[in-house]
Amino acid sequence: MKKRSVRILSVLLILIFCMSSGLCETLRFGMDGENVRTLQQALIDTGYLAGRADGIFGAKTEAAVIAFQRENGLKADGLAGKKTQAALNITIVDSSQPGWFSNDYSLIRDTSDPARIRLLQRALIKMNYLKGSEDGSFGTVTRSAVKTFQQCNKLKADGKPGEKTLKAIENALASGHKAVSLLDAEPLPKDAGKMDAPPKSSIELLHWYDDIKPSLKSGAKVLVYEPVSGLAWTLMVHSKGRHCDLEPLTLTDTQIMLKAFGNKNTWSQKGVYVQLPDGRWTVGATHTVPHLTGYIKNNGFDGHLCVHFFRDMDECAEKDPNYGVSNQLTIRALWKKVSGQSVQ
């Protein structure tokens, strides 16, 4: 109930922002740009759209919006307006209204007007990507903060704040996005997260659609074990599409997870064992990059992550031909190590 209340509150806050500010833009067929890309990425992360976010609102994007609207009790008209954006936990700022950067999205560099650099720095500080004060100098520290923002928002991480990055910053500010720093966390005890691997005989190859998704509820907790490091951490389930959206339950779980991945946020997935709420163990694949919306406070993870489970390769290749297939290959490689069996 508490989890549901938090989600409802976040949706209401987005709706209130849109209605009070009048800045939310309705996205529709034929439009393009960074706002469309933000919409597409949310649809991809919730399992309604396959492929990559290309920023072009075409027939596939419209069909994905309609499917999402139907399944969420919204008017299925293919128009991604205030209510649809709120249900997806995104905020699209109307590009016709002056935004944080006053509609100037030209590249910010070390030779730019110090006032624009300070504006960028102020935004990064508000979102916890940058520490210290606004000095108007686009140096190494500011460039590194831009890179971190880009990585967390699925942009090209080149440290160059051009149009796509600046518009993404405006959207992030409008939605109240903040990066939660782990710098103040207590160091992990030496053996934190260590556990014995589950017996291989107890690990099953469970199918996402047939065996896991039907009974896995939002708010449920799963235990993830990474076999190379021998570390385990707990994740809480948020939503289920073609994969599962979750986030670390506590700050300690986030620290353990990052340690298992070499203390970095990365989309390079690892094969893991996952213990479901009913006690069964299965194989999966996951990463450590926080994206879009997170709901647990003070867990040091600003967003959610994805855990992929076993799916039919033909179905996955059709609907998730890139990252989805990559995860399926990782799952199959781990299953072969566990069982000695190859699965197509």
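Pro 114 is found in helix H5, which spans residues 114-126; helices here are DSSP runs of H or I of at least four residues and strands are E runs of at least two, both numbered from the N terminus. The model is a predicted one, in which local features need pLDDT of at least 70 and side-chain atom pairs count only at pLDDT 80 or more, while totals for chains, interfaces and linings use all residues. Residues are numbered from 1 along each chain as its sequence is written, and side-chain values use heavy atoms, with hydrogens and water left out.

With a relative accessible area of 39%, Pro 114 is partly exposed, the terms being buried for under 20% relative accessible area, exposed for over 50% and partly exposed for values in between, computed with a 1.4 Å probe on protein chains only. Asn 89, in the loop between helix H4 (82-87) and H5, has a positive phi of about 60 degrees although it is not a glycine, and it is buried at a relative accessible area of 9%. Asn 128, in the loop between H5 and H6, likewise is not a glycine and has a positive phi of about 70 degrees, but with 32% relative accessibility Asn 128 counts as partly exposed.

The packing of helix H6 (residues 140-152) with helix H7 (residues 163-174) was examined next; their axes come within 11 Å and cross at roughly 75 degrees, where axes are lines fitted to C-alpha atoms, for helices over the stretch in contact, and angles run from 0 to 180 degrees between N-to-C directions. H6 and H7 are therefore roughly perpendicular to each other, a description applied to angles of 65 to 115 degrees, whereas those under 35 count as roughly parallel, those over 145 as roughly antiparallel and the rest as oblique. Val 146, Phe 149 and Gln 150 of H6 make the contact with Thr 165, Ala 168, Ile 169 and Ala 172 of H7, contact meaning heavy atoms within 4.5 Å. These residues divide into five nonpolar, two polar and no charged, with Ala, Val, Leu, Ile, Met, Phe, Trp, Tyr, Cys and Pro taken as nonpolar, Asp, Glu, Lys and Arg as charged, and the others, Gly among them, as polar.

Strand pairing, which requires that DSSP find at least two bridges between two strands, was then traced around strand E6 (residues 281-286). Two bridges join E6 to strand E1 (residues 203-204) in a parallel arrangement, with Thr 282 as the bridge partner of Glu 204. Strand E5 (residues 270-275) runs antiparallel to E6 and is joined to it by six bridges; within this pairing Val 274 stands opposite Thr 282, and Gln 275 has Trp 281 as its bridge partner. The hairpin of E5 and E6 has five residues between the strands, and in it Gly 279 takes a positive phi near 100 degrees. Strand E7 (residues 305-309) is also antiparallel to E6, through three bridges, and Val 307 in E7 is the bridge partner of Thr 286. E5 is in turn joined to E2 by three antiparallel bridges, with Val 224 opposite Val 274.

In a regular strand the side chains alternate between the two faces of the sheet. In E6, six of the six residues are buried, with Trp 281, Val 283 and Ala 285 covered on one side and Thr 282, Gly 284 and Thr 286 on the other.

The largest nonpolar core has 25 residues, of which Leu 216, Val 222, Trp 233, Leu 235 and Val 274 touch the most other members; such a core is a set of buried Ala, Val, Leu, Ile, Met, Phe, Trp, Tyr and Cys residues joined through side-chain atoms within 4.5 Å. Two or more residues are given to this core by each of helix H8 (208-212), strand E2 (221-226), strand E3 (231-240), strand E4 (244-248), helix H9 (251-260), E5 and E7, and E3 gives the most, with four residues. Apart from this core lies another, of 21 residues, among them Ile 117, Ala 123, Tyr 129 and Ile 169.
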